[in-house]
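Keep the sequence and the 3D view side by side.

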Amino acid sequence: MNADKVMKKYIPMTETAFYILLSLTEPRHGYGIVKHVEEISGTRLHLGSGTVYGTLTKMQKDGVITVFADEERKTLYEMTDLGKQLILAEIGRLKELHRNAVKYEGDFL
Amino acid sequence: MKKIIKPFWSYDVEQTEDWLQEMAEQGYILKKLHRASRTFYFEQAAPQNLSYRISFDRNQGPVLASRFLENGWTIAAASGKWQILQNSKPANEIKAAPVRQGVITHNRNVSFVFFGLLFYLLGVLLANLSTLVSSWLQDGTVAVEPSPLWAITYLFLALTLGAIGLAIYSIVKIKKSNQAMLQKESGIAAAKWKSSQPTLEIPESSGRFVKKAKLGWMYAPDRLESWLEKMEQQGYQLHHVGTIGTVFYFVKGEPRRMSYHAEYMSTVESSYFSIYEDAGWLKIFESWSAMEKWVIWCREYKEGEEKPRIYSEGSSHLKRARRMAGLYTVLFLPLLFIYAVNANREFQEFINEGAALSLFGLLPAIAFVLFLSFIYRMWAYYIRLRKNYSVFHR
């Protein structure tokens, strides 16, 4: 899938997809992703195994992430260059949201 | 250059990898693979300790991913989507290798093609045999016309039998090696949860089991889940499920709070099992067939705890359910059509010619209604699920 199509398909991102990608600062196992997301979201998010597996499979098909086997033959998920491009684009969008949220927040108080 | 032909090298890649390693130990280093002729080309050199890894990847380019290069892998031979990588590092220093998934999926697809071929050939063979048998039954003899063309007939028969043999060999061989690869990859996780399970070895004939039959639960998995959960609440602990998934064996014990989840998977990967198992889900049933892969998961939870769920995002659950219903619908539509045509013919004969309506004549109509009900139940399940999620979010 080319970059434009991937951007269109994934942005704006669901919370699940965003946090899964955000957790791939280093290669992780499937359950390692779940634990890490739980940690950085302050235990707010408990991703279900089926949801994580389904999302990872889809992302792998679209070339956003890739896999390899570690010395114990377990599958590790890793970001691709396309994936990095994608998460940066989404972070840019979220920054805009955040900027505007802070800017206009006062008007509603 | 040494040439060796291995016709079925791709059915069991682990075996082929071991063989390549042995060749390298004897001083034959793989240089090229010619896929169409199944030929491996070797160059003679000093004996070496090399490990090999065969991978199949739809989206792989001619360049190895940097992670594999860093770990010492180089491409020994490549052909189509197949790559044979070699590594001179000792095994314990290799921290990353390609996954087996591509090979497993590809070989499974190959075996599906052979399944199709097998059904077709057996059908042709049976049709011919039944003509022969019925003409023999009618007049007690089979007239054989002498003809020089008989040689062609025998040749075709030999070819057909040969193809049937090849199909059976391929299916069995692929099934075995795929299972071994899957098991190895999820082996660590499996060992972990096996030790956490109570070792309750009870022979099926001991009479300690409460047996319940449940047919066709695949068409409404949510109903199965709530039935199992209710049984657990009454102290009927599910011990195991029969091989084909129709008989459920319970043991009477303490009531448990259990969350059950039954799902259909079109492809099975070792990573699928390890993600679920690492999260604490226990696989209590996995169907044998690779084409209709059903898995039942369960997990106990304590009082006051939220019931564990496999899907935290409704859309991913709905997507899976929709795919399952769609797939079964596509599979059943041709059957529905055939039964409808047959039922209509029986019906016309009954109306126009006053033929007696026998149970046998009613069979196509019964089959039609049955398969229609399967399709209906699956979509009803999907709609129930969708309603559930929309209520949940409101």
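This is a predicted model: local features need pLDDT of at least 70, side-chain atom pairs count only at pLDDT 80 or more; totals for chains, interfaces and linings use all residues.

Residues are numbered from 1 along each chain as its sequence is written, chains are lettered from A and ligands numbered from 1 in the order in which they are written, and side-chain values use heavy atoms, with hydrogens and water left out.

Start with α2(A). Helices here are DSSP runs of H or I with at least four residues, strands are runs of E with at least two, and both are numbered from the N terminus. Six of the eight residues of α2(A) are buried, so the rest of the structure largely encloses this helix. Buried means under 20% relative accessible area, exposed over 50%, and partly exposed in between, with a 1.4 Å probe and protein chains only. The buried residues of α2(A) are Thr16(A), Ala17(A), Phe18(A), Tyr19(A), Ile20(A) and Leu21(A). Their cover includes α3, α4, β1, β2 and α5 of chain A.

Now take α5(A), residues 81-105. In this helix Leu82(A), Gly83(A), Leu86(A), Ile87(A) and Glu90(A) are buried. They pack against α1, α2 and β2 of chain A.

How do α2(A) and α5(A) cross? Their axes come within 11 Å and cross at roughly 120 degrees. Axes are lines fitted to C-alpha atoms, for helices over the stretch in contact, and angles run from 0 to 180 degrees between N-to-C directions. Phe18(A), Leu21(A) and Leu22(A) of α2(A) meet Leu86(A), Ile87(A), Glu90(A), Ile91(A) and Leu94(A) of α5(A). Contact means heavy atoms within 4.5 Å.

Next, look at Met59(A), in helix α4 of chain A. Met59(A) counts as buried because its relative accessibility is 0%. Leaving out residues up to four places away in sequence, Met59(A) touches Tyr10(A), Ala17(A), Ile20(A), Leu21(A), Val64(A) and Ile65(A).

Finish with the loops. Pro12(A) sits between α1 and α2 of chain A. The peptide bond from Ile11(A) to Pro12(A) is cis, with omega near 0 degrees. Thr43(A), in the loop between α3 and α4 of chain A, is not a glycine, yet has a positive phi of about 60 degrees. Thr43(A) is exposed, at 52% relative accessible area.
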